[in-house]
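Me: I have a model open and would like to learn how to read it. Please take me through it feature by feature.

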Amino acid sequence: MSEAVRKKKPVRKKKRKMTPLLKVFCLVLIAASVYMLVGVGREIMTTISLQQQLTEVQTQLQKVQDENDYLNDEKTKLQDPDYVENYARGKYMLSKEGEQIFHLPEDSDK
């Protein structure tokens, strides 16, 4: 019983030395990992750049669409003879027959 009661000493395992082949494999694995991480970094930078360009282009598109809407409205208005008449009278100081136009100077006190 004394043998069974005694605690067994932990068996120490021998440390294995790294073989040259294992060292080369680890170095290749590390190099491949670094290469892949650099590639991922480049892809992330490209994605960020493309997102910024997309935002700028969307802003430009919105401006062009707004301008297009404005011009379509003007086109519709210019097909109305009353609008054309009022526009010409106001912008180019045209008058009807027998009508006189007086140009008043703007107040410089304001």
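Me: Which residue takes a positive phi just after α3?

Reply: Met93 does, with a phi of about 55 degrees. Helices here are DSSP runs of H or I with at least four residues, strands are runs of E with at least two, and both are numbered from the N terminus.

Me: What should I know about the source of the model?

Reply: This is a predicted model, where local features need pLDDT of at least 70, side-chain atom pairs count only at pLDDT 80 or more, and totals for chains, interfaces and linings use all residues. Residues are numbered from 1 along each chain as its sequence is written, and side-chain values use heavy atoms, with hydrogens and water left out.

Me: How do I read the pLDDT?

Reply: pLDDT is the predictor's confidence in each residue, from 0 to 100. The protein chain averages 87, and 87% of the residues score at least 70. Among its elements, helix α2 (residues 20-78) has the highest mean, 96. Helix α1 (residues 2-5) has the lowest, 55.

Me: How many helices and strands are there?

Reply: Three helices and zero strands. Along the sequence the pattern reads α-α-α.

Me: How do I check a helix by its length?

Reply: Take 1.5 Å times one less than its number of residues; that is the expected span. The 12 residues of α3 should span 16 Å, and its end C-alpha atoms are 16 Å apart, so the two agree.

Me: How much of the chain is buried?

Reply: Buried means under 20% relative accessible area, exposed over 50%, and partly exposed in between (1.4 Å probe, protein chains only). Buried residues make up 2% of the 110 residues. Areas come from the Shrake-Rupley method with a 1.4 Å probe; for residues, only the protein chains shown count as cover. The chain exposes about 11,800 Å², and carbon and sulfur atoms supply 59% of it.

Me: Which residues form a nonpolar patch on the surface?

Reply: Patch residues have over 30% relative accessible area and no salt bridge; nonpolar side chains (Val, Leu, Ile, Met, Phe, Trp, Tyr) are joined within 5 Å, like charges within 9 Å. Here Met18, Leu22, Phe25 and Leu29 form the patch, with about 400 Å² of accessible area together. Phe25 sits in helix α2. Phe25 counts as exposed because its relative accessible area is 52%.

Me: Which side chains meet in a salt bridge?

Reply: Side chains of opposite charge can pair when their charged atoms come close. The cut-off is a side-chain nitrogen of Lys or Arg within 4 Å of a carboxyl oxygen of Asp or Glu. The structure holds one such bridge. Glu74 and Lys77 make it, at 4.0 Å, N to O. They are three residues apart in helix α2, so about one helical turn separates them. Glu74 is buried at 17% relative accessibility, whereas Lys77 is partly exposed at 38%.
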